[in-house]
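Please look over the sequence and the 3D structure shown here. A short report on selected features follows.

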Amino acid sequence: MRTDELQRGIELFNSGEFLQCHDYLEELIPFESGQAAEFFHGLMELAAACYHLKQGNVFGARYLLTSAIDLLDSCRPSCQGVDVERLVAQIEHCRVLAHSLEDDEDIGFDESHLPKITFGI
């Protein structure tokens, strides 16, 4: 994936456009293999998890957060210029908070706890 393509996906994610980010990365991932494919799949799972949290689907978000961690774990400490170490720590924090909510909790998830992707390291 070219740097500008990755940067566009990160911009979508960091601006809260999680569904668009997921769909954008999904179009690009067939061109990747190996660790890069796992990395982008992990970012896709994370974007989907954040979308589900915003929609109140805590149960689905928990599953996707765990999947994102599993996929990104082997990409530590960084991959493609992204601080994966920091990102995984943020996802872990988000997952702990999601586990504190009931599956059908309608009070919402505090979006200030959603991860941000740090690019350019």
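## Aromatic pairs

F39 is buried, and F40 is buried too; buried stands for under 20% relative accessible area, exposed for over 50%, and partly exposed for values in between (1.4 Å probe, protein chains only). F39 and F40 form an edge-to-face aromatic pair, 5.0 Å centre to centre, with 65° between the planes. Rings of Phe, Tyr and Trp (its six-membered ring) count as a pair if their centres lie within 6.5 Å; planes under 30 degrees apart are stacked, over 60 edge-to-face, and the rest tilted.

The structure holds 2 aromatic pairs. F13 and F18 also form an edge-to-face pair, with 5.0 Å centre to centre and 70° between the planes. Both F13 and F18 are buried.

## Basis of the model

This is a predicted model, where local features need pLDDT of at least 70 and side-chain atom pairs count only at pLDDT 80 or more, while totals for chains, interfaces and linings use all residues. Residues are numbered from 1 along each chain as its sequence is written, and side-chain values use heavy atoms, leaving out hydrogens and water.

## Helix α2 and its buried side

Helix α2 spans residues 18–28, and its buried residues are F18, C21, H22, L25 and L28. These residues cover an arc of only 130° around the axis, which puts them on the same side of α2. The arc is taken from the directions from the helix axis to the C-beta atoms. Helices (H or I, at least four residues) and strands (E, at least two) are DSSP runs, numbered from the N terminus.

What do the buried residues of α2 pack against? They pack against α1 (3–14) and α3 (34–55). Contact here means heavy atoms within 4.5 Å.

## α2 against α3

The axes of α2 and α3 come within 8 Å and cross at roughly 155°. Axes are lines fitted to C-alpha atoms, for helices over the stretch in contact, and angles run from 0 to 180 degrees between N-to-C directions. α2 and α3 are therefore roughly antiparallel to each other. Angles under 35 degrees count as roughly parallel, over 145 as roughly antiparallel, 65 to 115 as roughly perpendicular, and the rest as oblique.

The crossing of α2 and α3 is left-handed. That term applies if the near helix is turned anticlockwise from the far one by less than a right angle; clockwise is right-handed. On the α2 side, the residues that meet α3 include F18, C21, H22 and L25. Among their α3 partners are F40, L43, M44 and C50.

## α3 against α4

α3 also packs with α4. Their axes come within 8 Å and cross at roughly 160°. α3 and α4 are therefore roughly antiparallel to each other. This crossing is left-handed. The α3 residues involved include F39, G42, L46 and L53. They meet α4 residues, among them A61, L65, A68 and L72.

## Contacts across the sequence

C50 lies in helix α3. At 0% relative accessibility, C50 counts as buried. Leaving aside neighbours within four places in sequence, C50 is in contact with F13, F18, L114 and P115. C50 and P115 are 65 residues apart in sequence, but 8.4 Å apart in space, C-alpha to C-alpha.

I10 sits in helix α1. I10 is buried, with a relative accessible area of 6%. I10 touches V82, I117 and F119, not counting residues up to four places away in sequence. I10 and K116 are 106 residues apart in sequence and 8.6 Å apart in space, C-alpha to C-alpha.

## Helix α5

Is Q90 buried or exposed? Q90 is buried, with a relative accessible area of 19%. Q90 belongs to helix α5 (residues 84–99). Apart from neighbours within four places in sequence, Q90 is in contact with L114, P115 and K116.

V96 is also in helix α5. V96 is exposed, with a relative accessible area of 57%. V96 and L65 are 31 residues apart in sequence and 9.9 Å apart in space, C-alpha to C-alpha.

## Backbone points to check

A cis peptide bond joins R76 and P77, with omega about 0°. P77 lies in the loop between α4 (58–73) and β1 (78–79).

Q80 is not a glycine, yet has a positive phi of about 55°. Q80 is in the loop between β1 and β2 (82–83). Q80 is partly exposed, with a relative accessible area of 37%.
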